[in-house]
Amino acid sequence: MGDQLSPGLASIVTADPKRDRILMAEIREEATYVKHHKKKIAFLFAAMRHFAGNLVEAGWQVDYVQLDEKENTHSFSGEVERAIRRHKPQGLVVTEPGEWRLRTAMESWSKDLGLPVDILDDDRFLCAREAFADWAEGRKQLRMEYFYREMRRKTGLLMDGDAPEGGKWNFDAENRKPAKADLFMPRPARFDPDDITAEVLDLVGNHFADHFGDLAPFWFAVTAEQAAAALDHFVEKALPFFGDYQDAMLKDERFLYHSVLSIYINAGLLDPLAVCRRIETEYRKGRVPLNAAEGFIRQIIGWREYVRGIYWLKMPDYVEANFFDAQRPLPDFYWTAETEMACLKAAVTQTREEAYAHHIQRLMVTGNFAMLAGVDPRQVHEWYLMVYADAYEWVELPNTLGMSQFADGGLLGSKPYAASGNYINKMSDYCADCRYDVKQKTGDDACPFNPLYWDFLIRNEDRLRGNPRLAQVYRTWQRMSDDKKTDYLKSAERILSNLS
């Protein structure tokens, strides 16, 4: 599949090039079950075609079905059935997919197609689904921090014997510096499209013209070699400062010191454990500080593995989670970027043009606003799944419903990531040129995040009042004058009534 572009994939490793045949297909159904960003579709099709070419060069027999082939059924089940009619195989071997709907389809193949189907574990992940379920069983609360420690012990990454390197498991407190525009900012490695990629770009432009997002300029890596070069570039140019500034946002710096490697890791072009060992080596050799190495590794062996575990543990019902009973439609500006809020305009514009925004833009700008405004979390989930090149449901859904929207009621995180405009002003330069005044709390010129923050807390007080991490916040509200409370709620009402 398009996110299984790894020569060490279980179903490839167990196969024999002299006997077995590999099936790959460009499937319209996969590009349109949500209308994925044009650049995301182009990346995956281009990477798939390059990967198939590498397999052929290595001696494999590959059936590769292109999107515009006349006989393409445009579903995985349909293409498997066609391949079975062509080759009459003794059996089918697949590596488990990343999404529930595909796993469900695969589990019906043996009966429907009349041959054995062997679904192998995806051992590119460090924690098998069953192992995560065992870890979670009996725990009153599931928290990433404790899971992460287990992954550190299992891998030995950044360990000093039985203790964490530097005496602490987590250096997150050292990863929150705001950045200044006068800092030197490297750009991610960029790659010019070759003939194969250029052909894919024309294909996507013709077939998916009505999808969100810009197709050009296209600069993503589409081979393992290019992805490795992108990793080298990040390590040399940006990693030393990644830890300090990973939560910062600047309007004219879309990438800051972020790696933009999740696109390649999630598609299989880079091995996540190998990437982490490379980062650890840079620390051991004294080339990057511990907070940078630990912060990066935590995102991969901690958070990435954790959200996958949550996904498989709680699906298929998890997608329906809506703790706040939020029903508002997603505002139009999530597609158009036509808003006077500078932070949202910047984040959505960048998303449209790059199919990328870093995690704080996703969490504390687009995600924070959607939660404060009471947007239906299912619509927020589908937007994130559509618009980002690194988004697959197993990783995107828990991040959106759990971390960003708190729609699971605290399964994934201990409190909602709700914030007023002050947080965005502290961590970015968006507010300086905004039409709204971040220091003004209420009224027509106030930053909308300010009244929406309090409106969110008050309309959900019955659900959140018992959260110990919000006790001080509610005490602050109680100390406010009645007039001030009324101003906040009326200002929020005006903002929400104008959303469309």
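**Cavities, a pocket and a helix face**

Trainee: Which residues lie nearest the centre of the second largest cavity?
Mentor: This is a predicted model, and that should be kept in mind throughout. In it, the second largest cavity has a lining of 17 residues. Those that lie nearest its centre are Asp-3, Asp-122, Arg-124, Phe-125 and Asn-266.

Trainee: Which elements give two or more residues to the lining of the second largest cavity?
Mentor: The space in question has a volume of about 140 Å³. The elements that give two or more residues to its lining are helix H12 (262–267) and helix H14 (290–314).

Trainee: How much space lies in the largest cavity?
Mentor: When the whole structure is searched, six cavities of 30 Å³ or more are found. For the largest cavity, the space comes to about 340 Å³.

Trainee: Which element gives the most to the lining of the largest cavity?
Mentor: The largest cavity is lined by 24 residues, and Gly-2, Asp-3, Glu-30, Leu-44 and Tyr-392 are the closest to its centre. Helix H2 (28–32), H3 and helix H5 (100–107) are the elements that give two or more residues to this lining. With five residues, the element that gives the most is H3.

Trainee: Where on H5 do its buried residues fall, seen down the axis of the helix?
Mentor: The buried residues of H5 are Leu-102, Arg-103 and Met-106, where buried means under 20% relative accessible area. Seen down the axis of H5, these residues fall within an arc of 100°, and therefore they line one face of the helix.

Trainee: Which elements give two or more residues to the lining of the second largest pocket?
Mentor: The second largest pocket has a volume of about 990 Å³. Its lining has 38 residues, and Arg-21, Ile-22, Leu-23, Leu-92 and Val-93 lie nearest the centre. The elements that give two or more residues to this lining are helix H1 (10–13), strand E1 (21–25), helix H3 (38–57), strand E2 (61–65), helix H4 (76–87), strand E3 (92–95) and strand E4 (117–120).

Trainee: How many nonpolar residues does the lining of the second largest pocket have?
Mentor: By class, this lining has nine polar and five charged residues. The number of nonpolar residues in the lining is 24.

Conventions:
Residues numbered from 1 in each chain as written. Predicted model: local features only at pLDDT ≥ 70, side-chain atom pairs only at ≥ 80, totals over all residues. Heavy atoms only, no water. 1 Å grid on protein atoms, 1.4 Å probe; cavity = no way out; pocket = protein on both sides within 12 Å on 5 of 7 lines; lining within 4 Å. Points joined across faces, edges and corners; volume = space filled by probe spheres on them. Helix = DSSP H or I, 4+ residues; strand = E, 2+ residues; numbered from the N terminus. Nonpolar A, V, L, I, M, F, W, Y, C, P; charged D, E, K, R; others polar. Buried < 20%, exposed > 50% of the residue type's maximum accessible area, 1.4 Å probe, protein only. Arc of directions from axis to C-beta.
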